[in-house]
Structure formats: structure tokens, C-alpha cells
Amino acid sequence: MPRIGRQGEVSLALFENPHKRLNLLTGEWILVSPHRTKRPWQGKIETPAAEDMPRYDPSCYLCPGNKRAGGIENPPYTSTYSFVNDFSALLPDIPDETLEKGGLLQAKSERGLCKVLCFSPRHDLTLARMPAKDIAAVVDLWKKEYEEIAGDGSIGYVQIFENRGGIMGCSNPHPHGQIWADETVPVLPALETSKQAEYFEKHGSCLLCDYLRQELREKERIVCENGSFAALVPFWAVWPYEIMILPKIHCRSLKELTAEMRGDLAGIIRAVGIRYDNLFSTSFPYSMGFHQEPADGRDYGYWHLHMHYLPPLLRSATVRKFMVGYELLAMPQRDITAEQAAHTLRSLPEVHYLDRLTGS
Ligand code: H2U
Ligand code: ZN
């Protein structure tokens, strides 16, 4: 049993031995096994992505002026560019149908929209390698797309995300992200909605405002911060170097970000990206995305906008964490603690390793 100190502070033994931590946003518990970090590794080694890339690739379907798979030609764009996904997983015009057989077999049609967002005309860049002002253009595009899609009236939730790197299933190194917008609220945002609503009902305050205040006080899991945003390894992180970015003032969606906040968001996205690339001196793979209030027009005053970064690498540019066995069948598990991960990320240089190599 964990020993509890007089002030309710846990003794160090809790964090040195196997223990469970609660994810406040999902209600899910995760198992932490700090003593396992010493085990040897003879498993799969991933091949790191090639670093040498041309600024323009004539065979890339996202580069300016090139033809996409469906035959449409991209314009000669010079900043950001978005288009409806040629192979959308969700479609806007499908009949409304329901299947219900004795409560055992249930299905519903799901309408929606999918878009692809090019972050830069340059084929060889990543968010971590782009100047903050160009990342700010991406933040502006996310806001504009969110407002347009959420304002449509037929959409319940706008999921903005980026898959980076081949090991995250990204199909093309050209810097880009996606939006999948559903007519209903998908599973994880719905869970986060109910957990934040529950907390607000019980405490009369915002769950993530309260959580961030405590994290800023404890400092142990903070990676970096600026005027408007903080980046931290959440107490309940599952992926080894998982990060959340949270606005320091309460806002429910991208819609509410002022120009100053959008600039700060671009700055912290860049700072997190540089630290990630510096961790294993590689272009760091991840899935990242925003969670924000549903777009169904109801009142979600308790919803606190945030970003999740979910990166798979564990020990080096070639050794990843696998979600297998116990994790698929029982519960998520991690070895290094959130505090160790935050300490490592915090201690990394703020200048990109490639800029340090070239001295530029
Ligand atoms: P990734 O973010 O996982 O790389 O996906 C890229 C998306 O680009 C993917 O959803 C779309 C795919 O359907 N795509 C097009 O819309 N047009 C193309 O010509 C190729 C890929
Ligand atoms: Zn390209």
C-alpha cells in the first residue's frame, strides 16, 4: 500500500514502485513501472527517416503545382494550402440510416468532411524547422478551418491533427496535417467532454484550469512555457514522451485565441518540436492534435482547449514503444515516469541540433 505523508504528500516509494495513475480527462487508469527501465532491449529497431530531402519534389502530391492522385492540380501556393481529402473517410452527402436489432446489433450512418492542410510549400520542412511566423500562418489556418467547418451547422466535432513520420502512418514527408469533422462527437472528445462536465458540476471550476495551476506550482512536469501557453508531460502520460499544450487562460476553442495567443501557440509548437527533434537527434515522429469544445452549438463553458502530442519513440531514433499484450488486453503501461520524461525534455537545448551542426 502507498504510504501517505502528513500533508497528503505521497512518500517517494510510490513513484519508485509499480503504481497506477488516473487520467483525469478519460477516467482511464494507467500502470507505471519505473523499475523496468533497466531491462535490456533486443527487439525491433526502426529505420530512421532519411534527413536529406529536396525543397521541391516533382513526385510529391502536396508540393505546389503538382497533380494529386485524383488528377486535381495544386495551385502554386506560397504559404499554406488546404483541400478536401481526395480519399475522405467521412462524406457529406450520404442517406441518414440506422440499424437496431434487439439492442445487440447497432449501426448509424455518419456524415462528415475530411481535409488535408499543407503547412508550407517547402517539401523538406517540418513544423520544428519552420520559423515561428510561418507556424503562426498554420495556426491561423487551423483557426479559419475550425470556424468555417464548425459554423456549418451539420458538424458536431472538428478533429484537427497531424501524423508525422512513416512510423506514425504518415504517407508523405511534405509538412501537412488533416481535419476529420464528424456529424457527432467521436469517442475520446466525448469522454473528455463528460469528464470536464462532471468536474465542473462537482467543483464549480474548470478541470484543466485547476490542473494547469497545480502543474505550474509543482513545476516537475512542465517542459516549457511562454506568456499564453504551457507544455507539460501529463501526470497520466501513456506514451514515453507524451506532451500536452494548454492555454494559461480559459478558452474553449481555437476561435477564442487572440493574435497574441496565436503567436505564442506557434512559438510553443516550435519549442516543443525542437526539443523533440533534439531528444534523439532525429526528425521526431508523433501524432498530435487539438481537443476543443464540440461544434454542435450547445454551451460548453467548462471545455478547455488543449493539444496532445503522442510520440512513439522510447529509447532512441530506432527503438519505439509498442502498445501490445497487457496494454491491448488490460490497461496502458509505461516504464519511465512522467517526471523523468519531463526532466529530460526540459534539459534539452532550445536550438535545433541541425542548426547547431551547421552553426546557422
Ligand atoms: P497522412 O497525413 O496520414 O499522410 O495522410 C495524407 C492524406 O492525404 C490521406 O488521408 C490524402 C490521403 O487520403 N491524399 C489526398 O487527398 N490526395 C492525394 O493525392 C494523395 C493523398
Ligand atoms: Zn512536397
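Predicted model: local features only at pLDDT ≥ 70, side-chain atom pairs only at ≥ 80, totals over all residues.

Trainee: Which residues are the protein donors of the zinc ion (ligand 2)?

Mentor: A donor here is an N, O or S atom within 2.8 Å of the metal, and the protein atoms that qualify lie 2.0 to 2.3 Å from the zinc ion (ligand 2). Along the chain they follow the spacing C-x2-C-x59-H-x50-H. The cysteines give their SG atoms and the histidines their ND1 atoms, and the donors are therefore C60, C63, H123 and H174.

Trainee: What arrangement do the four donor atoms around the zinc ion (ligand 2) have?

Mentor: Four donors count as tetrahedral if all angles lie between 85 and 135 degrees. The ideal angle for four tetrahedral donors is 109.5 degrees. Around the zinc ion (ligand 2) the donor atoms subtend angles of 102 to 115 degrees, so the arrangement is tetrahedral.

Trainee: How far apart are the end C-alpha atoms of helix α2?

Mentor: Helix α2 covers residues 132-150, which is 19 residues, and at 1.5 Å a residue it should span 27 Å. Its buried residues include I135, V138, L141, W142 and Y146, and among the elements that cover them are β7 (157-164), β8 (176-182) and α5 (259-279).

Trainee: How are α5 and helix α7 oriented to each other?

Mentor: Two packed helices are described by the angle between their axes and the distance between the axes. The axes of α5 and helix α7 (residues 338-347) come within 9 Å and cross at roughly 100 degrees. That makes α5 and α7 roughly perpendicular.

Trainee: Which residues of α5 meet α7?

Mentor: The contact has two sides, and on the α7 side it takes in T344, L345, R346 and S347. On the α5 side, the residues that meet them are R275, Y276 and L279.

Trainee: Is I274 buried or exposed?

Mentor: I274 has its place in helix α5, and it touches A128, P349, E350, V351 and H352, leaving aside residues up to four places away in sequence. A residue counts as buried under 20% relative accessible area. The value for I274 is 3%, which means that I274 is buried.

Trainee: Which residue with a positive phi follows α4?

Mentor: Most residues other than glycine have a negative phi. The loop between α4 (207-218) and β9 (222-225) holds a residue that counts as exposed, at 54% relative accessibility. Its phi is positive, near 65 degrees, and the residue is K219.

Trainee: What is the phi of S281, about how many degrees?

Mentor: S281 lies in the loop between α5 and β12, and at 46% relative accessibility it counts as partly exposed. Although S281 is not a glycine, its phi is positive, at about 45 degrees.

Technical notes: Residues numbered from 1 in each chain as written. Chains lettered and ligands numbered in written order. Heavy atoms only, no water. Donors = N, O, S within 2.8 Å, 3.2 Å for Na, K, Ca; no water. Tetrahedral: all angles 85-135°; square planar, octahedral: opposite > 155°, others 65-115°. Helix = DSSP H or I, 4+ residues; strand = E, 2+ residues; numbered from the N terminus. Expected span 1.5 Å × (residues − 1). Buried < 20%, exposed > 50% of the residue type's maximum accessible area, 1.4 Å probe, protein only. Contact = heavy atoms within 4.5 Å. Axes fitted to C-alpha atoms, helices over the stretch in contact; angles between N-to-C directions. Parallel < 35°, antiparallel > 145°, perpendicular 65-115°, else oblique.
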